[in-house]
Amino acid sequence: MKKKKVVLSVLLAVLAVLIIGTYVAVALYFQRHFYSETTINGIDCSYMTAEEVKDQLRSQVQSYQLTLKERNDQQETLTADMLQLSYQDNGEVEQLLKDQGAWLWAGEIFRNRSHNLEVSMNLSEEALGQAVDALNAMQAENVTAPQDAALTSDENGYSVSPEIEGNQLDREAVIAAVREAVASDADQLDLDAAGCYVQPAVRQDDEALNNRANQLNQLTSASLTMDFGSGRSESVGRAQLMQWVIQDESGNDIIDPAQVTAYVQSLADKYDTVGKHTFTTTGGNTVELSKGDYGWTMDVETTASNLLAAINAGQQGAFEVTYTDTAKSRDSNDIGNSYIELSIDQQTLWCYVDGELVVESPVVTGCVNKGTETPRGGVWKVKSKTSPYTMKGKPDENGEPSYIENVTYWIPFTEDFTIGFHDLASRKAFGGNIYITNGSHGCVNMPLDAVAKIYDVVAYGFPVVVY
């Protein structure tokens, strides 16, 4: 009986030693191996040593790829080889192995464990720069630079054209973003979301740009029409005004006064008629008349000033031109159908009123031989009329008038009021060649009854055609 107890005790002791030895052996094993059901960064590390796990991590690093999402639905991939990535052993695997508690294996061995390590990788900065430079998105032929929103104009006025985003990458921003993505073991990098694209400096909603467009539209909003008669008109509207916009010394948009003046001068050159008449004579001939003061002469300075003010006020509708000289008619034939016609060569005068001949009379004009010829080749206007009137010649050396002549009717028409129509009691004959040797001092001598009729129908501004 005693012997049996001894054997039993020995067996129990041996069993205890075996159990303890086995436990210790297993514990020693798991000091160098990971438990089953252990994953690190998605790798099944069951029963692996730290070195075996690091081999797996090295392999994982070498298979690393980073997909770059670019604009226009383009993608490119950077590989570990391109970036010259390598696994950097910082002892984190050994620390995980140590932290698993090998001596507690009996309670830990069958528990699932999942670890995510921030695997340290050596990244070649030189290779990173080269890889970024080699991207298709970085090649000049594939790059569209961004464009700022800008002021544009068309026949409808000014507006702001939207910015163009383009697809130009900021190299340094891309390098920094890739570096960060690699460090965080990311497999995708959205370059747009990461702010890697060069941005337009000015966008469509820019307040200053929109304010300027609005101001320019207001500045060019005037629509003005000038009437020059006979269906002739000139208009100033947005299209014209947009060509006259300049900036002053302070950078403010203005209508250029010089261009407004030049425009008004061009209208004067086109529509002024003083000294620019073509006339069809009673005999049916056409004569060009370049002298005289009858017709329209635009006051360029005043008109330009008024036009600029109307433009700046944004006025609409008719605009009145200012003149220094005016005629009886605004039609292209501003002489109209009421006028005095005088032919020097024929020594004949005709007077028409509303197209009807009211006077036809022989006359005597200025003396050819004495050099006091009546001015011809122009259109003048009646300056006044007086009845009776005393005519006086230029003072002689004694200060006395060279002649004194009392007339019943006096109708001057030249600019200096010295040449006009009048009767002359001492003259008994008119017409023919009298004017060559016995002509007047320059005036137009007429029979009393003829000049009386003219006196009754003319007033200031009545056209006088002399050829």
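Is Arg 203 buried, partly exposed or exposed? In this predicted model, Arg 203 is partly exposed, with a relative accessible area of 27%; buried denotes under 20% relative accessible area, exposed over 50%, and partly exposed the range in between (1.4 Å probe, protein chains only). The model is a prediction in which local features require pLDDT of at least 70 and side-chain atom pairs count only at pLDDT 80 or more, whereas totals for chains, interfaces and linings use all residues. Residues are numbered from 1 along each chain as its sequence is written, and side-chain values use heavy atoms, with hydrogens and water left out.

Arg 203 forms a salt bridge with Glu 163, the closest N and O atoms being 3.3 Å apart. This pair links distant parts of the chain, 40 residues apart: Arg 203 lies in the loop between E10 and helix H8 (207-219), and Glu 163 in the loop between strand E9 (157-161) and H7. Helices (H or I, at least four residues) and strands (E, at least two) are DSSP runs, numbered from the N terminus. A salt bridge is defined as a side-chain nitrogen of Lys or Arg within 4 Å of a carboxyl oxygen of Asp or Glu, and by this rule the count comes to 15.

A further salt bridge joins Glu 234 to Lys 270, with the closest N and O atoms 2.8 Å apart. Here too the pair links distant parts of the chain, since Glu 234 belongs to strand E12 (residues 233-236) and Lys 270 to helix H10 (residues 257-271), 36 residues apart. Glu 234 is buried at a relative accessible area of 16%, whereas Lys 270 is exposed at 54%.

Within helix H2 (residues 50-62), Glu 51 and Lys 54 are three residues apart and therefore separated by about one helical turn. These two residues form a salt bridge in which the closest N and O atoms are 3.5 Å apart. Glu 51 is partly exposed, at 40% relative accessibility, while Lys 54 is buried, at 4%. Both belong to a network of salt bridges that also includes Asp 55, Arg 58 and Glu 94.

Three strands form an open sheet of mixed pairing in the order E4-E3-E10, where two strands pair if DSSP finds at least two bridges between them. Strand E4 (75-79) and strand E10 (188-190) are the edge strands, each pairing on one side only. Strand E3 (residues 65-69) runs antiparallel to E4 and is joined to it by five bridges; Gln 65 has Thr 79 in E4 as its bridge partner. The loop between E3 and E4 contains Asn 72, a residue other than glycine with a positive phi, near 60°. Asn 72 is exposed, at 59% relative accessibility.

Another positive phi, near 65°, occurs at Phe 417, likewise a residue other than glycine. Phe 417 is located in the loop between strand E26 (410-412) and strand E27 (420-423) and is partly exposed, at 42% relative accessibility. A cis peptide bond, with omega about -10°, joins Ser 387 and Pro 388. Pro 388 is placed in the loop between strand E23 (378-381) and strand E24 (389-392).
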